[in-house]
Amino acid sequence: MKIQKIMKAIIFALFIMSGSFFTLTLFPNGSSGENESETGIITGTVKVSRARHSGDVVAYLEREGLKKEYPPLEKHSTLDQKNLVFIPRVLPILKGTTVDFRNSDDVQHNIFAPGKVEKFNLGTWGLGGIKEYTFSKPGEVVILCNVHSEMVAYIIILESPYFAKTAKDGNFRMENIPPGTYTLKTWHEKMKSAPQQVTIAKGEIKEIHLELKKRK
Amino acid sequence: MKKVWKFWLFGLFGFIMFSFLVQTAQSLPTFSRKFETSCSTCHVSVPKLTAFGESFRLNGYQIPEGDEKYIKQKPTSLGAEPWKEVWPNAIWPGAIPGSFPLSAWIMFDGKAPLQGANKELIFDFPHEVEIFMAGILGENVPFFAEVEIEGGEVGAEAWLGFYSLFNSDRALNLRVGTFEVNPLPMFFDHLRLGKEHYLYNNWRMPGSENNFRLRGGKPGLELNGIVGSRFYYSTGILSPGGGLDGYGTFRFKLGGTPYNRSAPTEEAADKAIGVLPTGFWVDNAFELAAFAYFGKTDVAADVPDSFNRLGVGARWTYQNFDLAAAYILGKNNDPFATGATGSEVDSKGFQIEGSYYIFPWLIAEARYETLKLDDTVTLLDQKNTIVGLIWMLRANVKLVTEATFSNTSDNILNVRLIFGF
């Protein structure tokens, strides 16, 4: 009888350990860890009027009382300068994220932010060089290259991890959203945001279609 | 004096109106279109070049490290690359620009005397129209053509280059055509910052049938090249006036962007971290140059005038400052066809020019230049002082306001508006 109890205890301990291993493997940062059935998904399309394509729109969620501080990912985001353009042109990040600015061209490039949210100049450097900068304030930061004045990129610093960037066809998908009512907002370099209320329930996949119009 | 004030008021009004009118101007010349990049990538103030622009020019209108990946407007192939392997049983493959490589620069001039009895204002709208065609016909085959229409007269320059001969990595290049010799790069008249031509590049022997002057296109052949990244040479034969002229130049650069690179060396790169970026024109460097030109032209039937011009120059660029100076000597053996011994005319020229970038769109310039021609008596002893402001209203729209003070003519206020597309 005693042996049976000991065996049950060992099996139970092994079960717990394997469960922990499974969880850690799937969610190493502990960023989500939430059971997908406990969260929802927003998917949809954004149509940008009178534009070549509907990409580079950042869709993001805001909610009163939403937890304000989310730990940024340890992994850096990258903004590359390649063939005289910034790649990507639009980079949404979570507040506190560090961005690596890389030069992949033979020509020298500069990184310069003239805006109100963040104002800095990282200098000018050549092929293969990388400099980093951590963005600690939410908002839009315009990135320019002083050597090539036509180059521009936008870093959108967001307070919550619930955001997505549209592909050229306007499609986007946001996952692991806790149930609740949010305001879905958008950012585009030329279009105005069209906020709308979204209520998401456990396990729900909500489809949303937006059309953006030019800022006046 | 009243008219001068009117001139200023008109100029100011025009400046303000133009600033509003060109809000939507997006026109960019040939290379801007090809690479989808701004004029300021190559020019600090059109036509004066940045260090990158100079490398681009010296490498035959190609980005030194290879420009294929940067070209946004793809060229039309005149034969696939593997045809090179088939040569001589096939024509060597080439390419033509994806669209007709046409650009234009248009200049409006205005001037008013600052002294003297004549107070007339002169508007010369347009003073000059320049039409350019430039590009490459496949790798290492650059071409350039310019048609100038000025005062009812039409002039043309055109050349074709064959660069990197014998796989020399641009150490041995050939140019054939009509081109402007560039005796001293710091005083290359075609690429000057302000309006006034450089005195020594522009002068002709007064009263002589020898009409030679350094500036302007001359037909001929030139060999040039970059040796060891910081040494550049050019030598050529020209036939501007029936005779055969020869010339040689060299230049050497310390610091900054090497001639065969797009960027400064790691040590010279701007590592400054601050709120504002340093200017795109910054290339901290020191450059030395020298040239020799030998020519001969008939000034009367069977009476030749042999002449030479020798010069040295230096340029120091540091942050927002740009300072250049040159000393040039010349000799004409018989410019007035006297046939007598001792009829030589010596020329001596000195020029110094400084500029300062107040803002990326506002540059102050100052120049002092002298030219002295000595026969048995002094034929000419000219001293010019030029001060001005260069306003970049857009990357492709430039306003020059320049005052010229001379001991041989009336002092003049010049205004030039240039726009290109």
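**Ground rules**

I number residues from 1 along each chain as its sequence is written, and chains are lettered from A and ligands numbered from 1 in the order in which they are written. The model is predicted, so local features need pLDDT of at least 70 and side-chain atom pairs count only at pLDDT 80 or more, while totals for chains, interfaces and linings use all residues; side-chain values use heavy atoms, with hydrogens and water left out.

**Entry 1: confidence in chain B**

I looked up pLDDT, the predictor's confidence in each residue, from 0 to 100. Chain B averages 87, and 90% of the residues score at least 70. Over residues 13-28 of chain B the pLDDT stays under 50. For that stretch the model has 16 contacts beyond four places in sequence, a contact being heavy atoms within 4.5 Å. A note to myself: where pLDDT is low, the predicted coordinates should not be read in detail.

**Entry 2: chain A in outline**

I find one helix and 17 strands in chain A. Helices (H or I, at least four residues) and strands (E, at least two) are DSSP runs, numbered from the N terminus. Chain A has 216 residues, and buried ones make up 43% of them. Buried means under 20% relative accessible area, exposed over 50%, and partly exposed in between (1.4 Å probe, protein chains only). Of the contacts in chain A with a separation of 6 or more, 62% are between residues 24 or more positions apart.

**Entry 3: salt bridges**

In chain A I picked A:Lys95 and A:Glu69, whose side chains meet at 3.3 Å, N to O. A:Lys95 sits in the loop between β5 (90-94) and β6 (98-103), and A:Glu69 in the loop between β2 (58-62) and β3 (77-82), 26 residues apart. Are the two partners buried or exposed? A:Lys95 counts as buried because its relative accessibility is 16%, whereas A:Glu69, at 52%, counts as exposed.

In chain B, the closest N and O atoms of the salt bridge between B:Arg251 and B:Glu54 are 2.7 Å apart. B:Arg251 lies in strand β12 (residues 245-255) and B:Glu54 in helix α3 (residues 51-58), so this pair ties together parts that are 197 residues apart in sequence. Both B:Arg251 and B:Glu54 are buried.

Next I looked up B:Arg416 and B:Asp109, a salt bridge with its closest N and O atoms 2.7 Å apart. B:Arg416 is in strand β20 (residues 412-420) and B:Asp109 in strand β5 (residues 102-113), 307 residues apart. Each of these two residues is buried. Elsewhere, salt bridges that share partners join B:Glu54, B:Arg57, B:Arg251 and B:Glu287 into one network.

**Entry 4: where chain A meets chain B**

I count 22 residues from chain A and 28 residues from chain B in the contact. Together the chains bury about 2000 Å², 51% of it on carbon and sulfur atoms; buried area is the accessible area (1.4 Å probe) that two parts lose on being put together, summed over both. Which three residues supply more of chain A's buried area than any other three? They are A:Asp106, A:Asn121 and A:Asn146, with 28%.

The rule finds one salt bridge across this interface. I also looked at B:Lys69 and A:Asp106, which form a salt bridge with the closest N and O atoms 3.5 Å apart.

**Entry 5: two buried residues of chain B**

B:Asp109 counts as buried because its relative accessibility is 7%. Leaving aside neighbours within four places in sequence, I see B:Asp109 in contact with residues including B:Phe123, B:His127, B:Lys195 and B:Arg416.

I place B:Thr297 in strand β13 (residues 285-300) of chain B. B:Thr297 counts as buried because its relative accessibility is 14%. Beyond four places in sequence, B:Thr297 is in contact with B:Asn210, B:Gly241, B:Val303, B:Pro304, B:Asp305 and B:Phe307.

Notes. Salt bridge = Lys/Arg side-chain N within 4 Å of Asp/Glu carboxyl O.
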